[in-house]
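Subject: Structure handover

Hi,

Here is the structure I promised to pass on. My notes on what turned up in it follow below.

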Amino acid sequence: MMLTIQPMTPDCARTLLAWRYPPPYDLYNHTVAAADLDEEIAFFCDPEHHYYALQTEDGHCVGFACAGEEARVPGGDYSLVALDVGLGLAPEWTGRGLGAALLQSVLHFLAGGYPAPRDRVTIAAFNRRAQRAAERCGFAPAGRFSAAGGMEYLVYIRERSEEGA
Ligand SMILES: CC(C)(COP(=O)(O)OP(=O)(O)OC[C@H]1O[C@@H](n2cnc3c(N)ncnc32)[C@H](O)[C@@H]1OP(=O)(O)O)[C@@H](O)C(=O)NCCC(=O)NCCS
């Protein structure tokens, strides 16, 4: 199945804001008041925030990626030069064994536009599913921290190859 990656669109932003993950993944739910919806969609579509839409060929939004500041969790040590990468799939697309291949595609796409010596992902400590997907793409744990509120996070790093993959 072919997926495209392109700058975030209003339709995809609206779609992903409505996704609801079952526990324990519900921390990834976006809760936005109806009055703030347009503002939130505009935030996701602002190129300065580096959000991307993953869509099927017929334009169905099945995931998103982000790069840079938006892929960080406040409280982490981000002093090492790296591109921070975030990935989220629609709830019905999770758990189907697609994570590593999609993350690899996203990393390849972002490497073209964001030069950096390495990539970095920050993943909740409980989230073995996301960690496994990252490990399959060559990421290794490089740190751990407690965010405000007490949630534990792991920071994973992957050095880019000379080819920039
Ligand atoms: C993180 C995410 C991209 C992973 O993609 P995915 O397609 O759901 O993951 P997969 O089905 O490929 O599973 C990845 C691995 O985790 C394993 N796994 C699945 N559920 C698991 C669980 N509850 N505990 C431990 N491992 C689990 C799978 O067996 C697989 O391991 P393997 O490669 O050794 O076979 C996707 O789940 C997602 O977007 N979730 C949204 C919320 C989220 O977790 N965001 C993380 C932001 S960093």
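To start with the ligand: how far is an oxygen atom of the ligand from a polar backbone atom of Gly 95? The distance is 2.7 Å, and a polar backbone atom of Leu 89 also sits 2.7 Å from a ligand oxygen. On the side-chain end, an N or O atom of Arg 136 is 2.2 Å from an oxygen of the ligand. (A polar contact here is a pair of N or O atoms within 3.5 Å.) The protein covers 72% of the 950 Å² of accessible area that the ligand has on its own (Shrake-Rupley method, 1.4 Å probe).

Before you read on, two caveats. This is a predicted model, where local features need pLDDT of at least 70 and side-chain atom pairs count only at pLDDT 80 or more, while totals for chains, interfaces and linings use all residues. Residues are numbered from 1 along each chain as its sequence is written, and side-chain values use heavy atoms, with hydrogens and water left out.

Around the ligand there are 20 residues (those with a heavy atom within 4 Å of it). Leu 89, Gly 95, Asn 127, Arg 132 and Arg 136 come nearest. H4 supplies the largest share of this shell, five residues; helices are DSSP runs of H or I with at least four residues, strands are E runs with at least two, and both are numbered from the N terminus. By class, the shell has eight nonpolar, seven polar and five charged residues, with Gly counted as polar.

Where does the ligand sit? The space it takes is the largest pocket, meaning that more than half of its atoms lie within 2 Å of the pocket's grid points. A pocket is an open set of points on a 1 Å grid over the protein atoms alone, where a 1.4 Å probe fits, with protein on both sides within 12 Å along at least five of seven lines; lining residues have an atom within 4 Å of a point. The volume, the space filled by probe spheres set on the points, is about 1,200 Å³. Of its 43 lining residues, Tyr 28, Leu 87, Gly 88, Thr 122 and Asn 127 are closest to the centre. H4 (128-136) gives the most to this lining too, with six residues.

Pro 23 and Pro 24 are joined by a cis peptide bond, omega about 5°, and His 50, not a glycine, has a positive phi of about 55°. Most residues other than glycine have a negative phi, and most peptide bonds are trans.

Cheers

Note on methods: Polar contact = N/O pair within 3.5 Å; in protein donor to acceptor, adjacent residues only side chain to side chain.
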